[in-house]
Amino acid sequence: MDIEVNMKVNGKPVSGKVEARTLLVQFIREHLRLTGTHVGCDTTQCGCCVVHVDGVAMKSCTMLAAQAEGCSITTIEGLAAEDGTLHPMQAAFREHHGLQCGFCTPGMVMMGVDIANRLPGADEKTVRHQLEGNICRCTGYQGIVEAIMDASTVMNASRS
Amino acid sequence: MGEFGIGQPVRRKEDVRLLTGQGQFTDDINLDGQLYGAFVRSSHANARINGVDKSTALAMPGVVAVITGQDLVAAGVGNLVNDAAYKDRTGKLMNKPQRQVLPTAQTRFVGECLALVIAHTPAQARDAADVVEFDFEPSPAIASTADGLKADAPLVWPEFGTNLIVHWEYGDAASVEAKLAAADKRVRVQLVNNRVAPSPMEPRVVAAEFDAAQGALTVFTPSQGGRRLQQMLADNLLHLPADKVRIISRDTGGGFGVRSKMYPETVTVAFAAKMLGRPVKWKGDRAETFMSDYHGRDQINDAEIGLDKDGRIIAMQLDTLLNVGAYLSENGVRLPMEGGGRIIPCVYHVPDFYFSVKPMFTNTVCTDTYRGAGRPEANYIMERLMDAAADATGLSRDEIRRRNFIREDQMPYKTHLGFTLDSGDFDGTMKMAMDDSDWAGFEARRAEARKRGKLRGIGLASFIEGAGSRPVEGMRMRIDADCNVTLFAGTYAHGQGHDTVYSQLVNEYLGLDLDKVTLVNGDTATSPAMSVGTFGSRSSMVGGMGVKRTAQAVIAKGKRIAGHLLQTEAEKVVFENGLFKAAASSITLAEVAAAAHDPKKMPEGLALGLDEEVTFKNEVENFPNGAHVAEVEVDPETGIVDIVKYIAVDDCGVVLNPLIVHGQVYGGVMQGIGQVMTENVVYDADGQLLTASYMDYGMPRAAHVEHMEAHFNVVPAKTNELGVKGAGEAGACGAPPAIVSAVTDALKEYGIRHIDMPLTPERVWRAIDGARTEAAA
């Protein structure tokens, strides 16, 4: 059964006719062709698919597109400024070599923004535990953790 | 040269694309009019295939075709390739079964591909795959490495009468046994090197299209370089001219050895695209990736050394059981001999060595190269022996190592299996690791932890790696009229940052800005004819030297052009800081590049353009090494181990980009931490895979270590002009022995001297509980 879904993605209204069982990540990747959001597992473990739903980190493989009806979604493609200036979290990942192959990266960055929003100034131990739901196989997490701590400071400073 | 050349922590050129969602992984690529594939996989570990009924599946909505092994046989598709040819000491060749792409008569492991269903949508293909009916006749299976060679073990290949592939030996068993018998002390360890799932974060994907008019096949898939895949597909499997097969990997989400292999899925999807004349795409899910990506490790080792009264090794024997799975993969059977064998007995001088390897078939997916590929196993054996030797002699763990290290004055040092170590400061590197981790101050930290009810331990591992394998690789450098450089490489970066590092080398040799350089890799249509790919920590040497050699070739041609323009002989022109100079006059590389494309300005007899391809060849590999120190705290009531600090000191030779090399070390260490702490592929007695998701298989997470640091002890390699030693796999060698050493140090008051990996809370708690029970009895 096809249903119609309407939401805002990266600030723009979108709509589509999808099978009712369509996951949010499928809608994002296959219907909107925003392929920065990745799928790395079948069981909500890896976090490669993390996006923001109404400003909160969410694994888009674990939510139906229909459940996002009327929501505002931000994907990795919507994080940098219009002029291409990287978000502080993206810039920090580059600065601290927080990515290698880049497959887990979009989810890591979106999760990092969420951690920085919720826990400004979080220490290393906290950041490591907050990343429980995101798996990276390349970096050993060291650069990711450093990036999130650093960006958190920058984001906090720009808020105050 | 300056802030962007060799040795600078240049931020990666690749990053902005990957950080903004602009990466192009294979599943991001969609081909016009593509159909979707889903595989039917074996639910039995060992079963005869009596027949298959496709009719229900073919009648399902949207289904276009169902392809089985019979279809491949009928079309003349060849078998998968293995060219190992080990012999035992009687001269008998190893048992070499053929592997069909899709088996027609017998399935030999759970998850084996049996058929491919093609439909208009992924869901239709998946639904129909569930109703392809195979008539199986199951028989008992064997999955266990410990039991695989027992007399009553079910046989994977009954025609051989044994699961043993070959009994390979090196050295003189009798001589070694005599020396062990005469030794002051004998020290023996028995070790399980657990089977692990390499698990790149990108599941495997194949998309293929066939242009019937051109007779040309294009296959998109994650890889570690496509040339060998192209050759196998063309020559052995689909029987097409090689120049009609193109392999493209845009971005690949992690390699770790397993992405370099030819898998049945690749062949079948390519075949389907050719047969149907329509593009076909298959995207594996994580469970399929667990079932069908080759696994790593899976050895059982029984090792013994004899020590003289000073604690020096006089002889060693090693018996290795290796589980290669149901078939011969491309490299699995080679790993103890050609992977670990390059270096074993690692950083130690062992005068007499006997080595026996018994690879075996079991009803499991194949094992093959995985980060380190035999070297982590070899180093683990040596380091567990050295800890045991420290116990036996009463020497400290560093002193027993120091007394046995191969010293710099013994180099070049020939290893037993014929490799030559050129450089390495093993004692100095160990000292750095001990200093950087405040080894001397450890007992105070142990005492402090004790007050909190925690058992703190510190562990040490020295190791060596063999990197830069198969050191022959092509590189092409093209410079256009505007002095933009394009590098065409056969190496293929899938996280290693080649675009950045090769650009740094161009900057170093030609003085051009990094953004003037573009790297093209991952496409057999543009990679040099002589290209092998990226694996075995080889790209810094073979790719780096390729950039240097092509830059030299460009400069040589540039001198002839500059000589012509400056009206002097090419021999009188020198190239310095981006300028071709002769006497008082000079001309920039940019001007030479422009002239090179202008027939009016080119000397007679020279081809237009600056476009040079060079094959770099080296006779030898390189030998990165290191010493790692782990500090842990064990909760004796729960068995939970916290890795509170991990210090890695690595000798990766000359460091081209410390940011990237640190990243390689951290990543390798974390994979080692995964193997030692949580990762374990488990098949049950019937050969069912119990660990086929991230719910059941323990991937290391960020919180598995509290803090890591990586430092360098730079000892340049003497065997390549860059002085580099590969950095990719070293970490995975160091972490397992360093952490087992630390945990057993923490538990020494219980008399626990070894626990097999992975050191899960349950295993640690059981060891403690067993020791307490024994003490109470």
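Two strands pair if DSSP finds at least two bridges between them; helices (H or I, at least four residues) and strands (E, at least two) are DSSP runs numbered from the N terminus. This is a predicted model, in which local features need pLDDT of at least 70, side-chain atom pairs count only at pLDDT 80 or more, and totals for chains, interfaces and linings use all residues. Residues are numbered from 1 along each chain as its sequence is written, and side-chain values use heavy atoms, with hydrogens and water left out.

**View 1. An open sheet of five strands in chain A.** The strand order is E2-E1-E5-E3-E4, with mixed pairing. Strands E2 (12–19) and E4 (56–59) of chain A are the edges, each pairing on one side only. From one strand to the next, the twist averages 40° (axes are lines fitted to C-alpha atoms, for helices over the stretch in contact; angles run from 0 to 180 degrees between N-to-C directions).

**View 2. Helix H1 (residues 24–31) of chain A packs on the sheet.** Helix H1 touches strands E1 (2–9), E2, E3 and E5 of chain A, where contact means heavy atoms within 4.5 Å. The direction of H1 makes about 105° with that of E2(A).

**View 3. Strands E3 (residues 50–53) and E5 (residues 72–74) of chain A pair in the antiparallel sense.** The pairing runs over two bridges. A:Val53 stands opposite A:Ile73 in E5(A).

**View 4. A:Cys104 is in no disulfide.** The structure holds zero disulfides over all chains; a disulfide is a pair of cysteine sulfur atoms within 2.5 Å. The cysteine sulfur nearest to A:Cys104, that of A:Cys136, is 3.8 Å away.

Technical notes. Chains lettered and ligands numbered in written order.
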